[in-house]
Amino acid sequence: MACALATVAALAAVPPAPAAAGQADGRADGAASVEVSVNAGVGLGTIGKAAFGVNHALWDSHMNDPEVTGLLGDAGVGVMRYPGGSYGDIYHWKDHTAPGGYVAPGTTFDEFMGSVRATGGQPMIIANYGTGTPQEAADWVRYANVTKGYGAKYWEIGNEIYGNGHYGSGWEADDHPDKSPREYARNVLAYAEAMKAVDPTIEIGAVLTTPGDWPDGIVGEGDSADWNHTVLSAVAGTVDFVIVHSYPGGATADEALDRTARLPGQLREVRRQIDRYAGARSSEIGIALTEVNSNVQMNSRPNGLFAADTYMTALENGVFNVDWWNVHNGPTKIDTVDGDTDFNDFGLLSSGGCVGDVCQPAVNTPFHPYFGLKSLTTLGRPGDTMVASSTSDDQVSAHAVHRADGTLSVMLINKDPENSRTADIDYAGFTPTAQAPVVHRYARGDTDVTRVPATGGGVQELPPYSITTVTVSPHSAAASVGAPGAPEVTAADSSTATVSWTAPTRGKAVRYEVYERLGTNAQLLATSTSTSATLRNLPPGSEHTVNVLARDADGRLSRPSEPVTFATTAPKDSSCLVSYRVDTGWGNGFVASVTVSNLGDSTINGWSLDFTWPSTGQSVQSSWNAKVTGSGTRVHVTDNGQNAVLAPRGGSTATFGFVGANDGANPAPTTFTLNGTVCRTS
């Protein structure tokens, strides 16, 4: 297919390549075709040095095997988390003990750091919150970075502290008499002060719940808000990053693989919460996904696909670090998945254990998720730019990276266990050469991530249950100007927003163009000859993600800047007011109440209220004091007769409520329309 530019004309700085001939000859017999769209003009962020990580645990006697270090290095691992999940809240680094847990020989902090340094990576360290003190954590920072000079940058304050029993389920050690989020936040500030007094260059992370996963939305006894809102309201001015975990679960690994689609909404809600409490400082606070695994059929081939898909989905949606749980773990039960024995072992590598008379392969033998992670090395490396991509088939995921060397790589994950696909890739903002692409694959029959011949005929075959990466070279020279700096929103109201950015560090820009991301397409919002622009005619209460690109004197566009997402406000001078409040929640459901006021000068007799759910997983299950109907993400509410009259100037209100369900995040609606008028919100 021709390399058509699926975006505004301004992105057509480079002519499209001619259509490839003989496409049909490259199709596998009976394989369905999938259309793949890639837009190099829509940037999703830069892959950072901390992007690809894993978890290590104190009980793992093979943690520091030289073979492990080599395998992790080959997989591009840049971060190793220590001392292992919940062990972080019982581990005392000075005497290398974890009361109540097993500590394997050869797992001391110094031995661990030896392996970290051997891979050229960096540590992610869990400071003991549950049974430790701020002073113990500060002493660890001093030993690591002053005494030993390790330069350990990232420090989490505890692990999954919301699991300390405050919400009724307790697996996490926490000796504090007060186990509320309020007390955790107070201690995060104390830990941060003590630790940064030793080394002010370190970054401190606070534990959050994952939106849509237990105990998100639950207000504990004696609390005024749920965990995230309580913690962020206190620490947003201090912490450098927040921590979430993801174990989507499901009956099978295939079901978990489908649940990766929930992750963008969950991460966007985390950013909304940070925005709310951090304000202008929000861009300084990162998000780390320090534990992730499907939690079902963990060694299986579909879980390998899950690993690759989840890492890239998280990174494309604003996470700076993803850590697989974990390197070694041990078998728990035996399944057969896709013809392979699955040991339901969280590990990337075999521990050599047995369940009854069924034993794992030799210690350190890689499982499928290891190769899912290793496949990412064929897609992108730190410093490369992630760009927008999509497919026409929900059984095929796409991820694209514009590499620093000018090439562009597209990873295609075929989640269908039975049927091949043939992929037809359209490129926008990038014209590949006519030469055959470089193709890497991990599929049935492959014992490693393997370079294979391109299918030919302008399409690429995607075998069942496979990860295929296609890398193409550019047809023409890149722009002489580099990407602009990350934009910042300096002002926003109900219909306009002002964004500013820094000039590129390479070359001279003659003009800047601000584009809004619309899937894999882009819409030009503004042009400017300076390093700021005002975006106009934006709908009230709407979210927008934009990139800035620079043009050089030859008319060529630079790579896109880092993206920024912002929201316009509700109109301040509206004749109606809506208050939306979640009264209680339980992870996948909630109770909300809505109050409607008439601020105009005339009485309203009979009203209807319309709003749209921000997430496709949200819905209304039942309601009271109003008639509530829904279609997709749209909700329509009418009065119940008894509350039809709204007195002018706020003289009376109508309140209704409903029970809602949420599969994933549960963000509040942003725009409410009363009898056709967009309302103020509170």
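Ala, Val, Leu, Ile, Met, Phe, Trp, Tyr, Cys and Pro count as nonpolar, Asp, Glu, Lys and Arg as charged, and the others, Gly among them, as polar. Keep that for the last stop.

This is a predicted model, with residues numbered from 1 along each chain. Local features need pLDDT of at least 70, side-chain atom pairs count only at pLDDT 80 or more, totals for chains, interfaces and linings use all residues, and side-chain values use heavy atoms, without hydrogens and water.

**Stop 1: helix H1**

Select residues 66-74, which form helix H1. Helices (H or I, at least four residues) and strands (E, at least two) are DSSP runs, numbered from the N terminus. Which residues of H1 are buried? They are Val68, Thr69, Leu71 and Leu72. Buried means under 20% relative accessible area (exposed is over 50%, partly exposed in between; 1.4 Å probe, protein chains only). Look down the axis: the buried residues fall within an arc of 165°, so they line one face of H1. The arc is taken from the directions from the helix axis to the C-beta atoms.

Now show S2, S3, H2 and helix H9 (368-375). The buried residues of H1 pack against these elements. Contact here means heavy atoms within 4.5 Å. Then click glycine 76, which follows H1 and has a positive phi, near 75°.

**Stop 2: aromatic rings**

Rings of Phe, Tyr and Trp (its six-membered ring) pair if their centres lie within 6.5 Å; planes under 30 degrees apart count as stacked, over 60 as edge-to-face and the rest as tilted. The count is 38 aromatic pairs. Select phenylalanine 52 and tyrosine 311, a tilted pair with 6.3 Å centre to centre and 35° between the planes. Phenylalanine 52 is in strand S2 (residues 52-55) and tyrosine 311 in helix H8 (residues 301-316), so the pair ties together parts 259 residues apart in sequence. Both residues are buried.

Next, select tyrosine 82 and phenylalanine 112. Their ring centres are 4.3 Å apart and their planes at 20°, so this pair is stacked. Tyrosine 82 and phenylalanine 112 are both buried. They belong to one aromatic cluster, whose members include Tyr91, Trp93 and Trp140.

**Stop 3: the largest cavity**

On a 1 Å grid over the protein atoms alone, a cavity is a set of points where a 1.4 Å probe fits but cannot get out; lining residues have an atom within 4 Å of a point. Grid points are joined across faces, edges and corners, and a volume is the space filled by probe spheres set on the points.

There are three cavities of 30 Å³ or more. The largest has a volume of about 50 Å³. Select its lining: Ser246, Pro248, Arg259, Thr260, Arg262, Leu263, Gln266, Phe306 and Thr310. Helix H7 (263-278) and H8 are the elements that give two or more residues to this lining. By class, the lining has three nonpolar, four polar and two charged residues.

Technical notes:
1 Å grid on protein atoms, 1.4 Å probe; cavity = no way out; pocket = protein on both sides within 12 Å on 5 of 7 lines; lining within 4 Å.
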